[in-house]
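This report describes selected features of a single chain, arranged by topic. Please consult the sequence and coordinates alongside the text.

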Amino acid sequence: MRAICLASAVVLGTGALTSCVPADAAVRTDFGFSVEPSTVRAGGEVTLRVVRNEACLGEAAVNSPVFDLVTIPPQESWATATVDWDAKPGAVYIVEFECDGSSGTAHLTIARGRSTHHPAHHPTRHPHKGVHAGEGGTIAGFDLKEIGLGAALIAGSLGVACHFARRRTDEDAG
């Protein structure tokens, strides 16, 4: 009987934890965005697009481990980026789009082999503006309401599991 109570507590706890995954863990669709092409060779060029709507009226920032930070001004809807030459062939990198407090991610796959041309160091249509700093380390992008709700759900599920486990124990003793 004790094993059933323990299994119930584990299942309830697991359910509570999986329901507390922050919304940012999935791709958010507050505004449209894309990386074109989605597969490119190291050293190649990609076009970064945002769809302008109520969720993205201001400057958009696009960041990835395989190219420098790119900003798209409010009056534009696209910019280009050159993929680093040392990008690992076959790897899939995350490209993060941020605009007016909304964000989303896309994937960029690095094709096997190298680009056949070495691009000259010519400026892209929208020059890079340096490092995006000031986010506050690991707390950046967290919504305190979501964290509080997740903590409340976990605490509540653990309390319910303990209540049922103790109730069963008391009935077995009597």
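## Strand β1 and its partner

In this predicted model, E36 stands opposite T47 of strand β3. The two strands concerned, β1 and β3, pair in the antiparallel sense, and four bridges connect them.

Strand β1 spans residues 33-36 and has two contrasting faces: F33 and V35 lie on the covered face, whereas S34 and E36 lie on the uncovered one.

## Backbone features in two loops

The peptide bond that leads from E36 to P37 is cis, with an omega near -5 degrees. P37 is placed in the loop between β1 and β2.

D100 belongs to the loop between β7 and β8. Its relative accessible area is 46%, so D100 is classed as partly exposed, given that this class lies between the buried limit of 20% and the exposed limit of 50%.

## The disulfide

A search of the whole structure finds one disulfide. The bond joins C56 to C99, with an S to S distance of 2.2 Å. Because the torsion about the S-S bond of C56 and C99 is about 90 degrees, the disulfide is right-handed. The pair links distant parts of the chain, 43 residues apart: C56 is in the loop between β3 (45-50) and β4 (60-64), and C99 is in strand β7 (residues 92-99).

Both C56 and C99 are buried. C162, by comparison, has a relative accessible area of 47% and is therefore partly exposed.

## The largest nonpolar core

In soluble globular proteins, nonpolar side chains tend to be buried together. In this model, the largest nonpolar core holds 28 residues, of which V46, L48, F67, F97 and L108 touch the most other members. At least two residues of this core come from each of β1, β2 (39-42), β3, β4, β5 (67-72), β6 (78-82), β7 and β8 (102-114). Strand β7 supplies the largest share, four residues.

Which residues are in contact with F67, leaving aside its neighbours within four places in sequence? The contacts of F67 are V46, L48, V62, A81, T82, D84, V95 and L108. Among them, V46, L48 and L108 are also named with F67 as core residues that touch the most other members.

Key. Residues are numbered from 1 along each chain as its sequence is written. This is a predicted model: local features need pLDDT of at least 70, side-chain atom pairs count only at pLDDT 80 or more; totals for chains, interfaces and linings use all residues. Side-chain values use heavy atoms; hydrogens and water are left out. A disulfide is a pair of cysteine sulfur atoms within 2.5 Å. Buried means under 20% relative accessible area, exposed over 50%, partly exposed in between (1.4 Å probe, protein chains only). Two strands pair if DSSP finds at least two bridges between them. A nonpolar core is a set of buried Ala, Val, Leu, Ile, Met, Phe, Trp, Tyr and Cys residues joined through side-chain atoms within 4.5 Å. Contact means heavy atoms within 4.5 Å.
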